[in-house]
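Hello,

Here is the structure I promised you. Please look at it first, then read my notes below.

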Amino acid sequence: EFTLSSFSRPMKRRQHKPRKEREPRSRRPPADGEHEGPRLAMWDLCQCDATKCTGRKLARFGLLKELRVNSKFHGIVLSPKGRKTLSPADREIIDVRGLCVVDCSWARLDDVPWGRLKLLPPNQRLLPLLIAANPINYGKPHKLSCAEALAAGLKIAGFDEAAERVLSKFGWGHSFFELNDELFDEYKEATNSDEIDAIQQRILKQWEEEREEEYDPYAGLDDSSDEGEEEEEEERLALMK
């Protein structure tokens with residue numbers, strides 16, 4: 001009598017190999033396109049020319065993440081609606097939760113749906129006085145591109161290498177740091193927003209005084225020239241008598 005068990009092969013006991021422990025994500029080396037440093041993000045409102053958008057270029061290189069309008073972001077957000085100025089005191093929040101910028105046109109700020117952006121109002125920040133180096137607004141104060149704004153925030157917070165990495169993708173990127181070298185040195189010495197505000201107010205006052213001296217039509221003239229003209233006038237009147 002044959003049974004199925006007569007032809008069945010003895011079952012081999014499967015040996016379970018020990019699973020390799022995964023290395024913590026924070027310790028794994030970054031893959032291609034990833035970058036070391038704080039997380040960077042951008043709300044793209046599609047108001048700018050896509051071919052000239054510095055934020056989208058950074059996204060293509062994997063240096064930042066583009067957010068939808070209804071996406072949440074709990075880090076520091078660079079926004080004209082901020083009530084405090086970015087300072088080195090924001091370093092910890094940027095390091096843990098990241099830095100974000102709102103990509104919009106300077107000419108269309110009123111069209112930005114601020115109410116739909118899910119950000120934390122206490123984490124909105126203004127940038128202090130800085131000079132733009134991008135080709136569109138070169139030499140203009142405050143008119144920074146997205147890449148410049150992110151690099152500035154990183155620089156002030158003490159992430160110098162990350163800031164340089166952001167602007168290394170642009171041929172004019174080094175000019176931004178050169179134009180604002182002295183400003184960055186002063187801002188990084190501050191400890192909070194109030195000190196940053198005091199620094200930029202002092203700098204603005206200094207610039208205004210220098211501008212007045214430069215365009216003063218009477219600069220360089222002294223009283224001696226007036227005295228010489230009076231003497232010449234007296235001599236002319238004496239000859240006429």
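Helices and strands here are DSSP runs, numbered from the N terminus (helices are H or I with at least four residues, strands are E with at least two). This is a predicted model: local features need pLDDT of at least 70, side-chain atom pairs count only at pLDDT 80 or more, and totals for chains, interfaces and linings use all residues. Residues are numbered from 1 along each chain as its sequence is written, and side-chain values use heavy atoms, with hydrogens and water left out.

Strand 1 pairs with strand 2 (residues 65-67) through three bridges, in the parallel sense. Two strands count as paired if DSSP finds at least two bridges between them. Strand 1 also runs parallel to strand 6 (residues 99-103), and five bridges join the two. There, aspartate 44 stands opposite aspartate 103.

For strand 5, two bridges in the parallel sense link it to strand 8 (residues 124-126). Lysine 84 has arginine 125 of strand 8 as its bridge partner.

Is strand 1 enclosed or open to the outside? Five of its five residues are buried, so strand 1 is largely enclosed by the rest of the structure. Buried means under 20% relative accessible area, exposed means over 50%, and partly exposed lies in between (1.4 Å probe, protein chains only). Both faces of strand 1 are covered. Leu40, Met42 and Asp44 lie on one side, and Ala41 and Trp43 on the other. In a regular strand, side chains alternate between the two faces of the sheet.

**Helix 5 and the cores**

Next, look at helix 5 (residues 160-167). Its buried residues are Ala162, Ala163, Val166 and Leu167. They span an arc of only 130° around the axis, which puts them on the same side of helix 5. The arc is that of the directions from the helix axis to the C-beta atoms. An α-helix has 3.6 residues a turn, so residues three or four places apart point the same way.

What covers these buried residues? The cover includes strand 1 (40-44), helix 2 (54-60), helix 4 (146-156) and helix 6 (173-179).

Leucine 167 touches Ala147, Glu148, Ala151, Trp172, Gly173, Phe176 and Phe177, leaving out residues up to four places away in sequence. Contact means heavy atoms within 4.5 Å.

The largest nonpolar core has 42 residues. Leu154, Leu167 and Phe176 have the most contacts inside it. Helix 4 gives the most to this core, with eight residues. A second, separate core has seven residues, among them Ala41, Trp43, Leu67 and Val102. A nonpolar core is a set of buried Ala, Val, Leu, Ile, Met, Phe, Trp, Tyr and Cys residues joined through side-chain atoms within 4.5 Å.

Cysteine 53 is buried, at 7% relative accessible area. Cysteine 146 is buried as well, at 8%.

**Two buried polar residues**

Asparagine 180 sits in the loop between helix 6 and helix 7 (181-187). It is buried, with a relative accessible area of 0%. A polar atom of its side chain lies 2.7 Å from the backbone nitrogen of isoleucine 131. Neighbours within four places aside, asparagine 180 is in contact with Leu130 and Ile131.

Glutamine 124 belongs to strand 8. It is buried too, at 12% relative accessible area. Its side chain makes a polar contact of 3.1 Å with the side chain of serine 79. A polar contact is a pair of N or O atoms within 3.5 Å; within protein, one must be able to donate a hydrogen and the other to accept it, and residues adjacent in sequence count only if both atoms are side-chain atoms.

**The whole chain**

The protein chain has nine helices and eight strands. Of its 241 residues, 36% are buried. Among contacts with a separation of 6 or more, 70% are between residues 24 or more positions apart.

Best wishes
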